[in-house]
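I opened this notebook to record what I looked up in one structure. The entries follow the order in which I made them.

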Amino acid sequence: MSALMMTMFTLISTAFSHNAEIPSRHTCDGTDTSPALSWSGLPEGTQSLVLIVDDPDAPDPAAPKMTWVHWVLYNIPPAATGLAEGIQEKDLPPGALQGLNDWKRTGYGGPCPPIGTHRYFHKLYALDTVLPDLHHPTKAQLEQAMHGHILAQTELIGRYQRQR
């Protein structure tokens with residue numbers, strides 16, 4: 001197999017390493033700006049990308065009751081190689097659309113855990129299609145639309161605990 005065929009689909013951030021602490025500037029304790037993200041190794045046939053950032057430890061990691069959704073982006077073009085820190089809707093790659101987070105709004109909402117250290121999963125999916133405009137879907141609606149179209153998935157996990 002050639003080296004090209006063995007390229008891994010990866011997602012990284014210059015703000016934090018996998019399983020490391022997310023800097024407070026990307027949280028409700030700071031300026032609540034999205035971290036810079038970049039990716040590589042898209043599988044052949046990728047037509048669009050989906051990014052979902054969520055926290056499965058809400059509200060308390062000792063007794064989680066729900067997964068809190070922080071950011072939903074879809075139809076990111078495969079030519080894009082990342083998202084700049086603090087990216088605004090007007091600066092998203094052409095064609096990229098946003099879904100609703102659990103604050104019932106579009107855009108990034110950073111970590112703001114009420115208790116304990118939470119994990120924040122930044123999940124990137126490569127799809128074999130461009131999805132229709134789903135008009136600000138929830139995570140569940142987007143996952144349903146993605147079903148059967150996922151070529152590959154990668155994730156970057158960050159952690160955060162509020163300093164009180």
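**Entry 1**

I began with D57, which is buried at a relative accessible area of 5%; buried means under 20%, exposed over 50%, and partly exposed in between, with a 1.4 Å probe and protein chains only. I note that this is a predicted model, in which local features need pLDDT of at least 70 and side-chain atom pairs count only at pLDDT 80 or more, while totals for chains, interfaces and linings use all residues. Residues are numbered from 1 along each chain as its sequence is written, and side-chain values use heavy atoms, with hydrogens and water left out.

I then looked up the partner of D57 and found a salt bridge with R119, the closest N and O atoms being 2.8 Å apart. A salt bridge here is a side-chain nitrogen of Lys or Arg within 4 Å of a carboxyl oxygen of Asp or Glu. This pair links distant parts of the chain, with D57 in strand β4 and R119 in strand β8, 62 residues apart. Strands (E, at least two residues) and helices (H or I, at least four) are DSSP runs, numbered from the N terminus. R119 is partly exposed, at 28% relative accessibility.

**Entry 2: D54 and K123**

Next I examined D54, whose side chain meets that of K123 in a salt bridge of 2.8 Å, N to O. D54 lies in β4 (residues 48–58) and K123 in β8 (residues 118–127), so distant parts of the chain are linked across 69 residues. I recorded D54 as buried at 2% relative accessibility, and K123 as buried at 11%.

**Entry 3: D29 and R162**

How many salt bridges does a search of the whole structure find? I counted six. One of them joins D29 to R162, with the closest N and O atoms 2.6 Å apart. D29 lies in the loop between β2 (20–21) and β3, and R162 in the segment after β9 (150–160), so the pair ties together parts that are 133 residues apart in sequence. D29 is partly exposed, with a relative accessible area of 33%, and R162 is partly exposed at 24%.

**Entry 4: an open sheet**

Finally I turned to a sheet. Three strands form an open sheet in the order β1-β3-β6, with antiparallel pairing; two strands pair if DSSP finds at least two bridges between them. The edge strands are β1 (10–12) and β6 (82–83), each pairing on one side only. I found three bridges joining β1 to β3 (residues 37–40), and L11 stands opposite W39 in β3.
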